[in-house]
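Q: Could you take a close look at one helix for me, and walk me through how it packs against a neighbour?

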Amino acid sequence: MLLRLLERRCGVVPATLLNQVEQLLPAQRLALIDAVLDFEGVADLEAWLAQKQ
């Protein structure tokens with residue numbers, strides 16, 4: 001479901017970012033679900049993932 005949300009909000013998500021999303025802990029995935037509602041593109045996902053590393 002998370003990947004579908006990302007694609008709807010961000011368009012095509014590069015495989016490198018999808019791999020990072022798949023490596024997230026369950027609590028981080030829940031936080032990403034909340035955050036993705038405010039995303040406007042892939043750059044927002046990249047920034048969010050950069051903060052979590």
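A: Contact here means heavy atoms within 4.5 Å. Keep in mind that this is a predicted model. Let's take helix α2, residues 15-22. Its buried residues are L17, L18 and V21. They span an arc of only 100° around the axis, so they sit on the same side of α2. Over on the other side of α2, A15 and T16 are exposed. As for what covers the buried residues of α2, that includes α1 (2-10), α3 (26-36) and α4 (42-51).

Now for α4 as the partner. The axes of α2 and α4 come within 11 Å and cross at roughly 45°. The crossing in which α2 passes α4 is left-handed. On the α2 side, L17, Q20 and V21 do the touching, and they meet V42, L45, E46 and L49 of α4. Sorted by type, the residues of this contact come out as 5 nonpolar, 1 polar and 1 charged.

Seen from α4, the picture goes like this. The buried residues of α4 are V42, L45, W48 and L49. Their arc around the axis is only 120°, which puts them on the same side of α4. A43, A50 and Q51 are exposed on the other side of α4. The cover over the buried residues of α4 includes α1, α2 and α3.

How values were computed:
Residues are numbered from 1 along each chain as its sequence is written. This is a predicted model: local features need pLDDT of at least 70, side-chain atom pairs count only at pLDDT 80 or more; totals for chains, interfaces and linings use all residues. Side-chain values use heavy atoms; hydrogens and water are left out. Buried means under 20% relative accessible area, exposed over 50%, partly exposed in between (1.4 Å probe, protein chains only). Helices (H or I, at least four residues) and strands (E, at least two) are DSSP runs, numbered from the N terminus. The arc is that of the directions from the helix axis to the C-beta atoms. Axes are lines fitted to C-alpha atoms, for helices over the stretch in contact, and angles run from 0 to 180 degrees between N-to-C directions. A crossing is left-handed if the near helix is turned anticlockwise from the far one by less than a right angle, and right-handed if clockwise. Ala, Val, Leu, Ile, Met, Phe, Trp, Tyr, Cys and Pro count as nonpolar, Asp, Glu, Lys and Arg as charged, and the others, Gly among them, as polar.
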